[in-house]
Amino acid sequence: MAAELRFAKSHEWVRPEASGLATVGISAYAVEALTDLVFMQLPPVGKKVKAGESIGEIESVKAVSDLYAPVSGEIVEVNTALPGALETLGTDPYGAGWIVRIKPDDASEMAKLLDQSAYDALVKS
Amino acid sequence: MTSVLPVWWDGPADGPTNMAADELLADEALRRCSPVVRVYGWTEPTVSLGAFQPLADAMGCEAIAGLPLVRRPSGGGAILHGTDLTYAVAVPKAHPWGQTPQVLYDAMHETMAATLRDLGIAARLHAPSGDDPPATVFLCFRRRSPGDLVAAMPGRPPQADDPKVMGSAQRRLGSAVVQHGSLLLGPNTAVGPEARDGGLAAVDSAGRRWASGELASSWLERVAARLGARLAPQGHPVGEPPLGGLAERSRHFASAAWTGRR
């Protein structure tokens, strides 16, 4: 896993890109805990979100869960291939399983999120 | 250790009111920092759709034509309420039962299986098999997922196609989890025969007429015991003071925008 990833306590990850955008997905732990995924609803491009706001929903055979924005900003890109290939979230959660790209209002917000070791400790607790 | 398990024995209500009350239950779980349970009925036979089931699938099902319909915030398949024991349990995500979906699912289903076995029903948790119907099947009781409650038919050893008698589904909110569930007591004659399942009546060699009250009490005593708690019946329906907010939330679940979201 790339060291530059940051994690929200709600299990979304975020990766700062050289372009200034923030790529967002959900952690391998969260995907495994949800079990078999059956449906995903993504946000529209252009939507402005605040950190902690819902940006979509994902349904597994057991549960519907909200996906939360780990940082505030504007959604500028959505992985439209994902709802038709939900298995990608399990096979490549930190790569092809990305969900949205956000243009952050304040890039320093990412530093407030958990680093890899802190997130690992959270999911083991 | 949780010292009490608060339980609301709510009477019958319409679909939007029941969904709103279940959502309020999450607030109550967070306020108390503990699991809370609600057992309730329906004023008339009602279809509840899973959060993302296409409304067109319900419109195309002739067996349920004309019945009131409400969309749940939780996932899963359509349930035909009216001859079932319906419950909701809400748990803070920080609680051991709230951390992953399967834990809460199993806690509620294992305790019900034990309760039913004491009553002579050969109930068990479903183990997945390659022959399970797909998760897109319209009716909840025609689906199978790991941990669903199934029961062997009278006079027959357990088999892979034993009928499902109980299913549950969750809505995982920011800080809490709400799980809805339904134990089918007997066939629902308000729906056409092609959508009718037998429930407990079909797997009971004694041919008993099942009612929810005493069965729910026995079950929830087991749930409470598993938590190391005692049952604490609440003296007012969910949504009445001190909780409040029921009417406003009900309007959301009654809206065409919510029902037709997919």
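## Group meeting talk: a predicted two-chain model

Hi everyone, let me start in chain B, where β9(B) and β10(B) pair in the antiparallel sense over 7 bridges. Strands here are DSSP runs of E with at least two residues, helices are runs of H or I with at least four, and both are numbered from the N terminus. Two strands count as paired if DSSP finds at least two bridges between them.

Before going on, some housekeeping. This is a predicted model, in which local features need pLDDT of at least 70 and side-chain atom pairs count only at pLDDT 80 or more, while totals for chains, interfaces and linings use all residues. Residues are numbered from 1 along each chain as its sequence is written, and chains are lettered from A and ligands numbered from 1 in the order in which they are written.

Back to those strands. A hairpin of 3 residues links β9(B) to β10(B), and Ser168(B) sits opposite Gly181(B) of β10(B). Strand β6 of chain B, residues 84–92, runs antiparallel to β10(B), and 9 bridges join the two.

How much of β10(B) is buried? Taking the strand as residues 176–184 of chain B, 9 of its 9 residues are. By buried I mean that 20 or more other C-beta atoms lie within 10 Å of the residue's own; 12 or fewer is exposed, in between is partly exposed, and the C-beta atoms are placed from the backbone. Ala176(B), Val178(B), His180(B), Ser182(B) and Leu184(B) point one way from the strand, Val177(B), Gln179(B), Gly181(B) and Leu183(B) point the other way, and all are buried.

Now, where do the chains meet? Contact means that two residues have their C-beta atoms, placed from the backbone, within 7 Å. On that basis, 15 residues of chain A touch 17 residues of chain B. On the chain A side, the elements giving two or more residues are α1 (28–34), β4 (37–41), β6 (54–60) and β7 (63–68). The most come from β7(A), with 4 residues. By class, that side of chain A has 7 nonpolar, 4 polar and 4 charged residues. For those classes, Ala, Val, Leu, Ile, Met, Phe, Trp, Tyr, Cys and Pro are nonpolar, Asp, Glu, Lys and Arg are charged, and the others, Gly among them, are polar.

Val64(A) belongs to β7 of chain A, and it counts as buried because it has 26 C-beta neighbours inside 10 Å. Leaving aside neighbours within four places in sequence, its contacts include Glu57(A) and Glu59(A) as well as Ala51(B), Pro73(B) and Arg172(B).

Staying with chain A, there is an open sheet of 6 strands, ordered β1-β2-β3-β9-β8-β5, with antiparallel pairing. At its edges stand β1 (6–7) and β5 (48–49), each with a single partner strand, so one side of each has no neighbour in the sheet. Inside that order, β8(A), residues 73–78, and β9(A), residues 100–104, are joined by 5 bridges and run antiparallel. Gly73(A) faces Pro104(A) there.

On to helices, back in chain B. Helix α3(B), residues 101–118, packs against helix α5(B), residues 212–226, at about 130° with the axes 9 Å apart. The axes are lines fitted to C-alpha atoms, for helices over the stretch in contact, and angles run from 0 to 180 degrees between N-to-C directions. The two helices are therefore oblique to each other; under 35 degrees would be roughly parallel, over 145 roughly antiparallel, 65 to 115 roughly perpendicular, and the rest is oblique. Residues making this contact include Met108(B) and Met112(B) of α3(B) and Trp219(B) and Arg222(B) of α5(B). The contact residues divide into 6 nonpolar, 3 polar and 2 charged.

Most residues other than glycine have a negative phi, and most peptide bonds are trans. Thr35(A) has a positive phi, near 65°, and lies in the loop between α1 and β4 of chain A. Cys33(B) also has a positive phi, about 55°, in the loop between α1 (15–32) and β2 of chain B. Is Cys33(B) buried or exposed? Exposed, because it has 10 C-beta neighbours inside 10 Å. Thr35(A), with 19 other C-beta atoms within 10 Å, is partly exposed. Thanks, everyone!
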